[in-house]
Amino acid sequence: ELNSFNYLDLYKLADLFNLTLLENAVIGFLVKHLSELLKSHPEEVLALPYCLLREVFKSDRLTSLSEEQIWQLAVRWLEHNCRYQYLDELLQYVRFGLMDVDTLHTVALTHPLVQASETATALINEALAYHQSVYAQPVWQTARTKPRFQSDTLYIIGGKKREVCKVKELRYFNPVDQENVHIAGIANWSELAPMPVGRSHHCVAVMGDFLFVAGGEVEHSTGRMCAVRTVCRYDPRTNSWAEIAPMKNCREHFVLGAVDEYLYAVGGRNELRQVLPTVERYCPKKNKWTFVQSFDRSLSCHAGYVVDGLLWISG
């Protein structure tokens with residue numbers, strides 16, 4: 001069994017005899033326990049072979065450390081025994097886009113490793129440019145901006161409850177092991193930051209690891225329910241919501257799909273309960289919706305799904 005005393009020896013064995021399964025098991029062990037090992041066996045972590053540390057940094061499951069802590073570990077490892085020949089390559093696996101702007105400025109202005117390396121400077125500047133283009137971030141995603149998660153995650157957003165007409169909750173189900181993947185009971189669901197406004201009959205789409213929620217039915221201050229055109233975007237890195245440009249039409253019971261670098265809203269009912277034939281497209285780079293070719297008929301309560309770069313509509 002892998003533990004903090006034998007993982008390094010087992011990795012050397014796997015490397016020597018090309019035991020891929022064992023090597024992957026050691027990488028998985030390190031990804032899961034890196035934070036603990038840094039506290040209990042820091043010298044051992046600093047002595048990790050480059051190829052092993054690189055694979056750990058590449059993992060999407062490395063969540064026990066913040067990205068700033070991963071950067072700090074990279075610096076400590078490079079400075080340990082002066083392994084600066086790995087600087088440019090190793091920093092490719094630090095996801096600077098996941099750091100906040102203040103941290104990036106601090107790293108860029110104060111650390112001699114960054115100031116001495118053109119590659120490091122370019123990576124910092126790339127991350128700063130990413131943060132400056134807030135609305136375009138979903139289409140600017142790279143391996144260095146992709147959020148790290150322990151496992152694939154299922155989200156539920158908004159809707160109706162018996163005691164509350166409109167719900168703005170965001171919950172997620174994150175299976176901790178294979179035994180309870182299919183047992184998604186209440187105890188397994190956790191709350192995240194709620195939407196700015198509760199809504200139902202809305203649509204959800206994912207683009208570039210961001211979650212978009214558009215339209216739906218909202219309760220106004222008068223108590224009247226009607227469709228809205230508002231759209232908001234959830235950022236899993238910061239557990240926060242941002243309002244983006246509203247759609248041209250108010251819509252509920254419609255379809256929202258992400259195709260290439262655009263979102264498409266198709267049909268639905270407007271605030272007057274009129275069924276719509278219109279289709280509009282959202283461009284994140286411009287933060288703007290524009291009408292495109294309408295459907296040949298009005299439709300609502302239909303189904304839609306994106307497959308192989310095409311948005312399919314049924315019903």
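**Exercise 1.** Find the domains of the protein and say how many Å separate their centres.

*Solution.* Start with the domain assignment, which gives domain 1 (6-133) and domain 2 (154-314); such bounds come from an automatic or database assignment. Next, take the centres over C-alpha atoms: those of domain 1 and domain 2 are 36 Å apart.

Before going on, note that this is a predicted model, where local features need pLDDT of at least 70, side-chain atom pairs count only at pLDDT 80 or more, and totals for chains, interfaces and linings use all residues. Residues are numbered from 1 along each chain as its sequence is written, and side-chain values use heavy atoms, with hydrogens and water left out.

**Exercise 2.** Describe how helix H2 packs with helix H4.

*Solution.* First, locate them: H2 covers residues 20-40 and H4 covers residues 50-58 (helices are DSSP runs of H or I, at least four residues, and strands are E runs of at least two, numbered from the N terminus). Then get the geometry: the angle is about 60° and the axes are 9 Å apart (axes are lines fitted to C-alpha atoms, for helices over the stretch in contact, with angles from 0 to 180 degrees between N-to-C directions). Now list who touches whom: Val26, Ile27, Leu30, Val31 and Leu34 of H2 meet Leu52, Glu55 and Val56 of H4 (contact means heavy atoms within 4.5 Å).

**Exercise 3.** Which residues form a cluster through ring pairs?

*Solution.* Look for Tyr50, Trp77 and Tyr86, which ring pairs link together (rings of Phe, Tyr and Trp, using its six-membered ring, pair if their centres lie within 6.5 Å). Then widen the view: a search of the whole structure turns up ten aromatic pairs.

**Exercise 4.** Where is Ser300, and what does Ser300 touch?

*Solution.* Step one: Ser300 sits in the loop between strand E13 (288-292) and strand E14 (303-307). Step two: leaving out residues up to four places away in sequence, Ser300 touches His253, Gly268, Arg269 and Val275.

Key:
Rings of Phe, Tyr and Trp (its six-membered ring) pair if their centres lie within 6.5 Å; planes under 30 degrees apart count as stacked, over 60 as edge-to-face and the rest as tilted.
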